Amino acid sequence: MNITITKKDAKLLLVLLGILILLVGYLAVYTKYSNLTDDMNGEIKDLKVTADELQGYYDKLDTYRAGIDAADAVVTAELAKYPSAVRYEDQVMYAIGLQEDTGLEVTGIAYANPVQVSAFQRLTRDGNTVTASNVTAMEYPVTLTMNLTYAQLKGLISYVDATELRTALDIVSVSFDAEIGNLTGSVVINQYSVSDGTEPYAATEVPDVPLGVSDLFGTYEAQATETDAVTTPAN
């Protein structure tokens, strides 16, 4: 059986074949870009949710800034209660102030090595610039031995509690001494510092003394011992 195709039929078949190829190609491209469009629409939807969330944050920007400023003020005020360092002379002057305020008799001071209690980063803001600094908090224990009355013991507790710079009464150990008719014992007082290492040196304020005075503090006599003790002669 022979099939004869005329030129007219051949041209028609070629046209149909071309249309079919175009249709298949169109469908392939359309499907690809349709999938891409769906993906992009999904991403746009997700981005719109994020954009709406960010817009909400932006609308509350002034509230956030006010909160940051308030928190920074609280942190600054709290850090102002901590000196950048506590030196031996600071602890001696603290003991002298305690003795003068309460009337008790300090008979000795023993120093302990400072202890690091915390390390953290502090962020400071200058306009739009935020700077991070490494901050270290230290504890400086000092042991005071003393003779005192019960009223003076209460005065000691009040004095430590009212100290402007951060100070804590850690240990109190007293007993009645029949020989002197009063209490005798010791207390451990902890003082604290916070520093990032960039603070300028500030000298400890000590009373003026005449030239040639061997006992600079008027009551204390330094002794070179393993505990770095500073004692005062009994009255």
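Which residues in helix 3 meet which residues in helix 4? Tyr94, Gly97, Leu98, Asp101 and Thr102 in helix 3 meet Gln152, Gly155, Leu156, Tyr159 and Val160 in helix 4, where contact means heavy atoms within 4.5 Å. This is a predicted model, in which local features need pLDDT of at least 70 and side-chain atom pairs count only at pLDDT 80 or more, while totals for chains, interfaces and linings use all residues. Residues are numbered from 1 along each chain as its sequence is written, and side-chain values use heavy atoms, leaving out hydrogens and water.

**The helix pair**

- The axes of helix 3 (residues 88-102) and helix 4 (residues 150-161) come within 10 Å and cross at roughly 130°, with axes fitted to C-alpha atoms over the stretch in contact and angles running from 0 to 180 degrees between N-to-C directions.
- That makes helix 3 oblique to helix 4; angles under 35 degrees count as roughly parallel, over 145 as roughly antiparallel, 65 to 115 as roughly perpendicular and the rest as oblique.
- Helices (H or I, at least four residues) and strands (E, at least two) are DSSP runs, numbered from the N terminus.

**The largest pocket**

- The largest pocket holds about 610 Å³ of space, the volume being the space filled by probe spheres set on grid points joined across faces, edges and corners.
- Its lining has 22 residues, and Pro83, Ala85, Asp90, Leu165 and Thr204 lie nearest its centre.
- A pocket here is an open set of points on a 1 Å grid over the protein atoms alone, where a 1.4 Å probe fits, with protein on both sides within 12 Å along at least five of seven lines; lining residues have an atom within 4 Å of a point.

**The second largest pocket**

- About 220 Å³ of space lies in the second largest pocket.
- Leu79, Arg122, Val194, Asp196 and Glu199 are the closest to the centre among the 14 residues lining the second largest pocket.
- Strand 2 (115-126), strand 3 (129-148) and strand 5 are the elements that each give two or more residues to that lining.
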